[in-house]
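Thanks for asking for a second pair of eyes on this one. My notes follow as numbered points, starting with the strands and ending with the pocket.

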Amino acid sequence: MAYEELKQRQSKIWGTGPYQRITETITDVHARVVDQLDPRPGVEWLDLACGTGAVAERAAAAGATVTGIDLAPVLIETARERAAERGLEIDYRVGDCERLELPDASFDAVSSTCGIMFAPDHEAAARELARVTRPGGRIALGCWTPTGGMARVFGVMAPFQPAPPPSSPFAWGDEAHVRELLGDAFELEFEEHVSTLRVPSGEAYWELFSTSYGPTRTLAEALGDRREELHHAWVDFFESNYRSNGEIAHTREYLLVCGQRR
C-alpha cells in the first residue's frame, strides 16, 4: 500500500471509536514527554499527531502557546471541544506530519506521544520535525519499541490484515533508526521506559480496544466471520502472556527521544 493511500485510510481509522478511552491509558507517557520540554509562558509549542489533545492541554495549561496537528478530523474536533470546555486556547488543525503547513524554525518545543511514529514516510516526517524546530529548540517523542508490548499487540492483528504496512511505525522506537532519521539535525538523548496498562482480563482488554482503538476496531469490523477468531486470539494472547496477580498487566515498552536542534 502506497504512503498516500495509507494516510487517507489512517485519517478515518484513528477517528473511529471514542479514542479518549485509549489516550487515558498513556497519561504517564504524556507527563514524561511534557516534563522534558518544560512548558511555560513564551514557549511556542507544537504537538504532532495530537489526538484528542492530552499533551497539548498540559502544555497550554502551563502557559505555552500551543498548536496541535492531527491527520484525523474527528480527533481534532474532539480536541477543540475539550479545549473549549477547559478554557484553553489551543490552535488545533487537521494536517499531515509529513507536509506541515507551518513556517520554518517556528517552534521552541515539538512533541509527539505514540503519534508521529504512525506517519508512514519516516524520512519525510523527520525532515519536517527538523524544519519547524528553531535552532536550540527541543523535541520529545514517546515511541513504542519494535519488540515491546504494543508491537506484540500489532503482531496479534497481523495475520488478520490483508497486507503489511509499507513501513513499521515501531522503527521509531529503535535508537539506531532514530539516529539515522534525526542525528544530523539534533543532538539526541534516549531513555527507555515502560508504561503498564492494567485491566481485569483479556476479555476486558478486547472490549477496550475493539471499541475504542481505531486500528483494532476497524480491523475487527472488517473481518466478518473471522472477527471471533481475532477475538479469541486476542484474549488468549493476553491471558497467556500478561496475567499477573489476578489481572492483566500489559507492559508497554517505549523509547523517549529527546533532542536539541543544532
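**Strand pairing and the pocket**

1. Val-66 has Ile-90 in β3 as its bridge partner. Keep in mind as you read that this is a predicted model. The contact belongs to a parallel pairing of β2 with strand β3 (residues 90-94), which runs over 5 bridges.

2. On the path from β2 to β3 sits helix α5 (residues 73-86), and the three together form a right-handed β-α-β unit.

3. Strand β1 (residues 44-48) is also a parallel partner of β2, again with 5 bridges. Here you will find Glu-44 opposite Thr-65 of β2.

4. How many residues of β2 are buried? Strand β2 (residues 65-70) has 5 of its 6 residues buried, so "buried" here means under 20% relative accessible area. β2 is thus a mostly covered strand, with β1 and β3 as parallel partners.

5. Now to the largest pocket, which holds about 620 Å³ of space. Its lining counts 27 residues, and those closest to the centre are Leu-6, Arg-9, Phe-154, Gln-161 and Pro-165. Two or more lining residues come from each of α1 (3-13) and α10 (214-222).

How values were computed. Residues are numbered from 1 along each chain as its sequence is written. This is a predicted model: local features need pLDDT of at least 70, side-chain atom pairs count only at pLDDT 80 or more; totals for chains, interfaces and linings use all residues. Side-chain values use heavy atoms; hydrogens and water are left out. On a 1 Å grid over the protein atoms alone, a cavity is a set of points where a 1.4 Å probe fits but cannot get out, and a pocket is an open set with protein on both sides within 12 Å along at least five of seven lines; lining residues have an atom within 4 Å of a point. Grid points are joined across faces, edges and corners, and a volume is the space filled by probe spheres set on the points. Helices (H or I, at least four residues) and strands (E, at least two) are DSSP runs, numbered from the N terminus. Buried means under 20% relative accessible area, exposed over 50%, partly exposed in between (1.4 Å probe, protein chains only). Two strands pair if DSSP finds at least two bridges between them. A crossover is right-handed if, with the strands pointing away from the viewer, the path from the first strand over the helix to the second runs clockwise.
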